[in-house]
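Please keep the sequence and the model in view while reading.

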Amino acid sequence: MEKIIIKGIRDGLFIQIPEGIWNEVQTELLQTIDNQLDFFQGARLTLQLGMHELGPVELGELRNALFERDVTLWSID
C-alpha cells in the first residue's frame, strides 16, 4: 500500500490518502495520528481522498474518530 502523505498548510495539515480498501486506509491514518499524537492534537485536517467516495456514515465515523483524538476534519478535497 502507498504511504499517507502529510504536508503542513496555512490552515492546518493536508493529508493525501492513498488508494486501497477504505477500512485499511482509515486504520493506517488513525495509527499514524496515534503514533504522533502530540503533533496532531488540535490540528485541522484537509483530506485529499483521491478515488475514495465516502458516504455520510463513513464520514461521520472518521470525523468521530478524529474528534476523539482532538483532531478536526476541516475539509475534504
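The model is a predicted one, in which local features need pLDDT of at least 70 and side-chain atom pairs count only at pLDDT 80 or more, while totals for chains, interfaces and linings use all residues. Residues are numbered from 1 along each chain as its sequence is written, and side-chain values use heavy atoms, with hydrogens and water left out.

The account may begin with the sheet. Helices (H or I, at least four residues) and strands (E, at least two) are DSSP runs, numbered from the N terminus. Two strands count as paired if DSSP finds at least two bridges between them. On this basis, 4 strands form an open sheet in the order β1-β2-β3-β4, with mixed pairing. Because β1 (5–9) and β4 (72–76) stand at the edges with a single partner strand each, one side of each has no neighbour in the sheet. From one strand to the next, the twist averages 30°; axes here are lines fitted to C-alpha atoms, for helices over the stretch in contact, and angles run from 0 to 180 degrees between N-to-C directions.

The pairings can now be taken in turn. β1 and β2 run antiparallel and are joined by 5 bridges, and a hairpin connects them through 2 residues. Within this pair, I6 has I15 of β2 as its bridge partner. β2 and β3 run parallel, with 4 bridges between them; here F14 is partnered by T46 of β3, and I15 stands opposite L47. β3 and β4 are likewise parallel and joined by 4 bridges. In that pairing, R44 stands opposite T72 and T46 stands opposite S75.

The path between these last two strands involves a helix: β3, α3 and β4 make a right-handed β-α-β unit. A crossover is right-handed if, with the strands pointing away from the viewer, the path from the first strand over the helix to the second runs clockwise.

Which residues touch the most other members of the largest nonpolar core? Such a core is a set of buried Ala, Val, Leu, Ile, Met, Phe, Trp, Tyr and Cys residues joined through side-chain atoms within 4.5 Å. Of its 20 residues, those are I15, I17, L45, L47 and L66. Two or more residues come from each of β2 (12–16), α1 (22–35), β3 (44–48) and α3 (56–68), and α1 gives the most, with 5 residues.

Leaving aside neighbours within four places in sequence, I15 is in contact (heavy atoms within 4.5 Å) with partners including I4, L29, F40 and L45. L13 also lies in strand β2 and, with a relative accessible area of 8%, is buried. Under the same exclusion, the contacts of L13 include I6, F39, A43 and L45. L13 and L73 are 60 residues apart in sequence and 9.9 Å apart in space, C-alpha to C-alpha.

Terms used: Buried means under 20% relative accessible area, exposed over 50%, partly exposed in between (1.4 Å probe, protein chains only).
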